[in-house]
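Open the model in your viewer and keep the selection panel at hand. Each stop below says what to select and what is there.

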Amino acid sequence: MGMYCNQCEEAAKDTACTVRGVCGKDETVSNLQDVLIYALKGLSLVAVTARNAGVVDAAVSRVLVEGLFATITNANFDKAVFVARIREAIAVREELKKKLAARGIKLPANLHDSARFNPNTEIEMLDAWTSASFLAIENADVRALRSLVIFGLKGMAAYVEHAGNLGKRDRGIVEFAERALAATVDDGLDAAALTALVLETGKYGVDAMALLDGANTGAYGNPEPTTVQLGVRSNPGILISGHDLKDLEELLIQTAGSGVDVYTHGEMLPAHYYPGFKKFGNFVGNYGSAWWKQTEEFDAFNGPVLLTTNCLVPPKANYMARIFTTGESGFPGCVHIADREDGGTKDFSALIEMARTCAPPKELERGTITGGFAHAAVDAVAPAVVEAVKNGAIKRFFVMAGCDGRMKGRDYYTEFAEALPKDTVILTAGCAKFRYNKLNLGDICGIPRVLDAGQCNDSYSLALTALKLKDAFGVADVNDLPISFNIAWYEQKAVIVLLALLHLGFRNIHLGPTLPAFLSPNVVTVLVNNFGIAGIGSVEDDVKLFMGA
Ligand code: FSO
Ligand code: SF4
C-alpha cells in the first residue's frame, strides 16, 4: 500500500515518509488520517452549500475541529479512532444532505468524490486512500499550497479545540475552515487564488490564537513572571504533558489533598505562570524537558503520565502501562480518559489510584527556571525595556519561538543562543525553549535574557509584544524594530503560527532547521521573494547576519 506524509519537519530524507513515519506512525494510521481529511473536505463542501442556504448543523464544526486536530503529528496513533471519525464525518455529511433535500436544495450534479464516497469498513476506507492522498494532486505547486492551507488548519483546529474546552468559540473561524477545506478540492483555483487562501488562513490563525489567549487568561489570569522548581518531592506524582489547561485544572482539583503531587512536562510547563494554578499546593514544578526526551523521562518519573495532546512518542514497554491519553491524543493499548459531558468533568481517578501505588519520581535535576513573560507581563516592564534599548543596553531582540525536535541539527539553537552577544534578549514560546532555557544566560538591567511567553500558541503574545514595541518606538513598520526572527518548527501548529506572523506583517523570518518538505521550489521562491522567508546557516554566519556585522 505505501504511505505519503510530509507534514512535519522530520519527514524522511527531507521529502516524505513513505514506508513508516519517523514519528512512529504506521502506514495504516497515516493513510486513514489522509482519508479522514478527505472525508472532512467532502463534509465541508456540503456544509458550505448548507450554510449558504441557512442550514447549520453544530455537529459539523465539532467533527471538523476534532478530526483536523487528531491528525496532527504525534497526537493519535490509534487506527480505531480514525475509522470511527471517518464514519462519523460521513454520517454527519449524509445527515446534512437529507436536511438540504427536505428543503428542496440541490447539490451540484458533479459533486466531488470526497462528498460522495461512502466506505464503511477499514479496508474500504484504505481503498479510498489513492484518491485521498496528497500524491493524487499532480501539480507540485497546487499540492504545496493546498498543503500549507490544510496543515495550517490542523494547527488552527488545535487552538480552537483548547479554547472550546474553556467555553470560548468563534463561528467565523470554523466557517473559514469549512470554506478553506472545500476550496482544497476545487480544481478551478489556480496558484494565485490558493496563495490568497494561504494568507487568509494566517488571518484566521491570528483570530484562533487570540481566542485561545482570551480563553486561557480569562479562566486562569494573566501569566506572570514565575520561578518554577525543577526538583522533586517524596510524594508519588502524576506527570501531565501536552497543551490543554482545562485538563490540568480538573486534574489539580481531583488530586488536591490526595497526597499525590502533579508535575508538568514539555508544553505544560507554562501552566505554572498562570495565577489560577498557583493555589494548588500539590502543583510542584516541571519534570524533564521537551517532548522528544519523554522515553527516558517518563520511565524515570515512576508514576502515571497524562498526555492531553501531542507530542506523544510511541511508549516503550517498560512504562506503557503508565501512559494515559485524553482529548485528541491516543495510542493503542493505553487507557484513554473519556471526554467530559456537557457541564461535567473528566474522571482522572484511575491515574490517582495508580499514582498511589507508584514510587516517587526519580530526581533528574535541581534548581529553577523562570518564565511567564506573556503580553501583560511584558506590558508591565515595557518602559524598562524601551529605556534599555534607547540607552544601548539591549541591542536586539531575537524571537526564537517554535518547536523542539530530536534531530541532531537542532543543537544549532542551543549554540545560537549561547553565541548571541550579551546585549541581546531572546523572546521565546513553545517547546523550542528547552534548547536554551536552562543555560543561565543572565539578565540585562534585571530583564532576563530569555523571556518565555508560554506555549507555542503564546507566539501570539510575542507578536503583540513586538507590535507594542513598534508603538513605543514610534516606528511605522514592525520590521524596522531591532527584532530578528529565528524560528524552529516541527509540526502543524508551527505552520499556523508562521502564517499568522506573515498576516501580522512580520517579514524576514528565518525558519529551521530545514524548510518544510511539503513546499515546492516555486512556492519557496514566492515565500522568499514576497516575505523574506529564509532558512538557517551556520551559527557563526547567522549571528553575524542578524547583528548586521
Ligand atoms: Fe511542541 Fe509538540 Fe507546542 Fe508542537 S510539544 S512540537 S508546535 O506539538 O505544539 O510546541
Ligand atoms: Fe513522517 Fe512527520 Fe508525517 Fe510522521 S508526521 S509520518 S514523521 S512527515
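Start at the ligand. Select Asn 310 and ligand 1: a polar side-chain atom of the residue sits 2.9 Å from an oxygen atom of the ligand. Keep in mind throughout that this is a predicted model.

**Around ligand 1**

An N or O atom in its side chain is 2.3 Å from an oxygen atom of ligand 1. Go next to Cys 431.

Which residues surround ligand 1? Select His 243, Glu 267, Trp 291, Asn 310, Cys 311, Gly 402, Cys 403, Cys 431, Cys 456, Tyr 490, Glu 491 and Lys 493 to show them.

The peptide bond from Asn 310 to Cys 311 is cis, with omega near 10°. Most peptide bonds are trans.

Jump to Gly 512 and Pro 513. They are joined by a cis peptide bond with omega about 0°. Where does Pro 513 lie? Look in the loop between strand E15 (509-512) and helix H16 (521-531).

Show the neighbours of Pro 513. Leaving out residues up to four places away in sequence, Pro 513 touches Glu 9, Arg 410, Tyr 413, Trp 489 and Ile 536. For a sense of scale, draw a C-alpha to C-alpha distance from Pro 513 to Ser 258. The two are 44 Å apart in space and 255 residues apart in sequence.

Select Lys 13. Its phi is positive, about 50°, although it is not a glycine. Most residues other than glycine have a negative phi. Lys 13 belongs to the segment before helix H1 (27-52).

**The domains**

Zoom out and colour three ranges: domain 1 (12-218), domain 2 (237-356) and domain 3 (374-547), as the domain assignment gives them. The C-alpha centres of domain 1 and domain 3 are 30 Å apart. Their contact takes 33 residues from domain 1 and 26 residues from domain 3.

How much area do domain 1 and domain 3 bury between them? The value is about 2600 Å², with 71% of it on carbon and sulfur atoms. Select Leu 148, Tyr 159 and Met 209. These supply 22% of the area that domain 1 buries against domain 3, more than any other three residues.

Check the polar side of this interface too. Six residue pairs are in polar contact across it, both residues at pLDDT 80 or more. The count of salt bridges between domain 1 and domain 3 is zero.

**The domain 1 face**

Finish with helix H6 (140-165) and helix H8 (191-220), the elements that give two or more residues to the side of domain 1 that touches domain 3. H6 makes the largest share, with 13 residues. Colour that side by class: 17 residues are nonpolar, 11 polar and five charged.

Note on methods
Residues are numbered from 1 along each chain as its sequence is written. Chains are lettered from A and ligands numbered from 1 in the order in which they are written. This is a predicted model: local features need pLDDT of at least 70, side-chain atom pairs count only at pLDDT 80 or more; totals for chains, interfaces and linings use all residues. Side-chain values use heavy atoms; hydrogens and water are left out. Domain bounds come from an automatic or database domain assignment. Contact means heavy atoms within 4.5 Å. Buried area is the accessible area (1.4 Å probe) that two parts lose on being put together, summed over both. A salt bridge is a side-chain nitrogen of Lys or Arg within 4 Å of a carboxyl oxygen of Asp or Glu. A polar contact is a pair of N or O atoms within 3.5 Å; within protein, one must be able to donate a hydrogen and the other to accept it, and residues adjacent in sequence count only if both atoms are side-chain atoms. Helices (H or I, at least four residues) and strands (E, at least two) are DSSP runs, numbered from the N terminus. Ala, Val, Leu, Ile, Met, Phe, Trp, Tyr, Cys and Pro count as nonpolar, Asp, Glu, Lys and Arg as charged, and the others, Gly among them, as polar. A residue is near a molecule or strand if one of its heavy atoms lies within 4 Å of it.
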